[in-house]
Amino acid sequence: MRNGSPVARAGRSAQRAAAIPRPQDRPPPGTFGTATPDRLSRQLADRIPRMERHHRAVAELSGSLARHIGLRDERLHAVVRAAELHDVGKVLVPDTILDKPGELSEDELALMRRHAIAGWLILRESAEPDAVATLVRSSHERWDGMGYPDGLAGDAIPLGARIITICDAFDAMTHERPYRNARSGAEALAELRHGAGDRYDPTLVAVFLTAVAPSPYRATRAIQ
């Protein structure tokens, strides 16, 4: 049975406990002043220039995948907007972690993962719809329940977040990062196919492979 082992259950319990916003997870009062999520995202892109292209690409891919599965109007807008802002919480993560060329330590990884909660808090305190904040919070969950911050699994993960996760992964894999070289489009799609049912919603991966991925790499039929 998926995720039924004591280890998996314990892991999800720890994730949920870590996801409860603690005082140290909340930005100090006045941290952002009157800055909007867009302005904070701009600040992040000024610090880490690759972020601007990444956010735009993930939003475009997410909008395409959302439209292909029939999302329209407010639901489509929420997906695209959340994709644009899915990394806004990284504004609180030091550049030394965001641009570290090697593997992150456990403490650094824990700090990096807090960006999902930070983004949710930023959006909750802004004029953005709650739906957008929810999708940002859940955009790093995994289909098998081993993601963060809440350890959600399967259909319990909001549909829009499942869309963003796939598009975020594809774009990240196909562009260079300080800690690794870029993969080819074909290699990235093979990785998505391999992760379908574990990291990613398998139905959405099938649609991405056949209808959304850049045409030179598109699969000719859905995965089985």
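In which helix does H115 lie? The model examined here is predicted, so that local features are reported only at pLDDT of at least 70 and side-chain atom pairs only at pLDDT 80 or more, whereas totals for chains, interfaces and linings use all residues. Residues are numbered from 1 along each chain as its sequence is written, and side-chain values use heavy atoms, with hydrogens and water left out.

H115 lies in helix 7, which covers residues 115–124; here helices (H or I, at least four residues) and strands (E, at least two) are DSSP runs numbered from the N terminus. With a relative accessible area of 1%, H115 is buried, a term that stands for under 20% relative accessible area, against over 50% for exposed and partly exposed in between, with a 1.4 Å probe and protein chains only. A polar atom of the H115 side chain lies 2.7 Å from the backbone oxygen of M112. When residues up to four places away in sequence are not counted, H115 touches H86, D87, G89, K90, V93, H140 and Y148, where a contact means heavy atoms within 4.5 Å.

Over the whole protein, 11 helices and 0 strands are found, and 47% of the 224 residues count as buried. Of the contacts with a separation of 6 or more, 63% are between residues 24 or more positions apart. The accessible surface, calculated by the Shrake-Rupley method with a 1.4 Å probe, comes to about 11300 Å², and 52% of this surface belongs to carbon and sulfur atoms.

The largest pocket has a volume of about 1200 Å³. On a 1 Å grid over the protein atoms alone, a pocket is an open set of points with protein on both sides within 12 Å along at least five of seven lines, a cavity is a set of points where a 1.4 Å probe fits but cannot get out, and lining residues have an atom within 4 Å of a point. By class, the lining of the pocket has 13 nonpolar, 7 polar and 14 charged residues, where Ala, Val, Leu, Ile, Met, Phe, Trp, Tyr, Cys and Pro count as nonpolar, Asp, Glu, Lys and Arg as charged, and the others, Gly among them, as polar.

Helix 9 also contains A169, which counts as buried at 14% relative accessibility. A169 touches L192 and Y200, residues up to four places away in sequence not being counted. A169 and H140 are 29 residues apart in sequence, while their C-alpha atoms are 9.8 Å apart in space. The loop between helix 8 (130–138) and helix 9 (159–173) holds D150, which is buried with a relative accessible area of 14%. The side chains of D150 and R137 are joined by a polar contact of 2.8 Å, that is, a pair of N or O atoms within 3.5 Å of which, within protein, one must be able to donate a hydrogen and the other to accept it, residues adjacent in sequence counting only if both atoms are side-chain atoms.

Terms used. Points joined across faces, edges and corners; volume = space filled by probe spheres on them.
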